[in-house]
Amino acid sequence: MATKEYSFYPGCSSERRSSASNYMVSVNTMCKTLDIKLNEIPDWNCCGASIGYADGGELPRHVMNARNIALSQQHNAGQDIVATCAACWLGAKESVERLSKSEQLLADTQSILADVGLKVDIDEKTAGGVRHMVEVLIEDFGYDALAAPVKKPLEGLKIAGYVGCQTNRPFGIDGESFENPKYLDKMVEVMGAEPADKYEQKVTCCGGALAFSEPEKSQAQIKDIVESAYDHNADMIVTPCPVCQMNVEVYQENINKTYATKFDMPVVYYSQLMSVAYGSSAVDAGLDGQVIRTKKLEAIANK
């Protein structure tokens, strides 16, 4: 029996050949080491993060999240729901909060769910039971337990912890500052690397919502995020958010053309750092899925 079991909501970006499929590879590797069992919610659906704020109003996206929660309650009863995607986590948390405070919105949601034979239970326990994977790692395990399995300390690496905005506001990790959260710095440190603890862009938005509609604004944001990492002599950036990872990594080439910069900064997930530190191969850590290769991290994995 696993040390911990959770009801798992993967989210669309983690699917095979999707933008964060390598994130899922590293999460599975990390969870195997920590003896975490993730019980995937059967027939889960998109959280609506990409389209849920369109002209259809708020009801559709809350129904989408409520359906996932109802399926979790039905199939993985009593287990906290864990998401690895910041947008999925935030969307589900927001839906629980909104449904718990609006009788009409909850009634409308229940009516729609009833058409497919589902009912969602919404209370204070439900809200606390929707968690990001980093919450689970920090709150259920703790930094000492995360450090215990380290076999290959990430010595010689300096890493900028880029939290982004979605895992920081309005909910955030328990006890962390909204302006200067330290949990990624601490996770970097317990893996044996040096955190860029003065990195001032750690909660700057990557402009994810503007990436297609106003790319020049989004890329200006990303430029600041990457440039600051260089200013602090970081070897790479680490993040808990698939949208942040994708935007900050893949648009560096466009930024180089626009601003005549020479950015080539790897952007990885915390789970990839942990997987390598726990002794996994570069492939099992999902490093083969990077657009910008993490050569120094690969070198440690290949020791």
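1. Basis. The model is predicted, with local features needing pLDDT of at least 70 and side-chain atom pairs counting only at pLDDT 80 or more, while totals for chains, interfaces and linings use all residues. Residues are numbered from 1 along each chain as its sequence is written, and side-chain values use heavy atoms, with hydrogens and water left out.

2. Four strands form an open sheet in the order 2-1-3-4, with parallel pairing. Strand 2 (36-40) and strand 4 (130-132) are its edge strands, each pairing on one side only. On average, neighbouring strands of this sheet are turned by 45 degrees against each other, direction ignored. Strands (E, at least two residues) and helices (H or I, at least four) are DSSP runs, numbered from the N terminus; two strands pair if DSSP finds at least two bridges between them.

3. Strands 1 and 2. Strand 1 (residues 4-9) and strand 2 run parallel and are joined by five bridges. Tyr6 has Leu38 in strand 2 as its bridge partner.

4. Helix on the sheet. Helix 3 (residues 86-101) packs on the sheet and touches strand 1, strand 3 (81-83) and strand 4. Its direction makes about 155 degrees with that of strand 4. Contact means heavy atoms within 4.5 Å. Axes are lines fitted to C-alpha atoms, for helices over the stretch in contact, and angles run from 0 to 180 degrees between N-to-C directions.

5. Helix 6. Helix 6 (residues 133-141) is largely enclosed by the rest of the structure, because seven of its nine residues are buried. Buried means under 20% relative accessible area, with a 1.4 Å probe and protein chains only. The buried residues are Met133, Val134, Glu135, Val136, Leu137, Ile138 and Phe141.

6. Asn22. This residue lies in helix 1 (residues 21-34) and is buried, at a relative accessible area of 6%. Not counting residues up to four places away in sequence, Asn22 touches Tyr269, Gln272, Ala285, Gly286, Gly289 and Gln290.

7. Ala196. The loop between strand 6 (194-195) and helix 9 (215-231) holds Ala196, which is buried with a relative accessible area of 1%. With residues up to four places away in sequence not counted, its contacts are Lys158, Ile159, Ala160, Asp185 and His232. From Ala196 to Lys93 the separation is 103 residues in sequence and 30 Å in space, C-alpha to C-alpha.

8. Cavity count. There are two cavities of 30 Å³ or more. A cavity is a set of points on a 1 Å grid over the protein atoms alone where a 1.4 Å probe fits but cannot get out, and lining residues have an atom within 4 Å of a point. Grid points are joined across faces, edges and corners, and a volume is the space filled by probe spheres set on the points.

9. Largest cavity. Its space is about 40 Å³, and the lining consists of Tyr9, Ile41, Asn65, Asn68, Ile69, Ile81 and Ala92. Helix 2 (residues 59-75) gives the largest share of this lining, three residues. By class, five lining residues are nonpolar, two polar and none charged. Ala, Val, Leu, Ile, Met, Phe, Trp, Tyr, Cys and Pro count as nonpolar, Asp, Glu, Lys and Arg as charged, and the others, Gly among them, as polar.

10. Second largest cavity. This one also holds about 40 Å³. Leu184, Met187, Val188, Met191, Val238, Tyr270, Leu273 and Met274 line it. Helix 8 (183-190) and helix 12 (270-277) are the elements that give two or more residues to this lining.

Methods
1 Å grid on protein atoms, 1.4 Å probe; cavity = no way out; pocket = protein on both sides within 12 Å on 5 of 7 lines; lining within 4 Å. Buried < 20%, exposed > 50% of the residue type's maximum accessible area, 1.4 Å probe, protein only.
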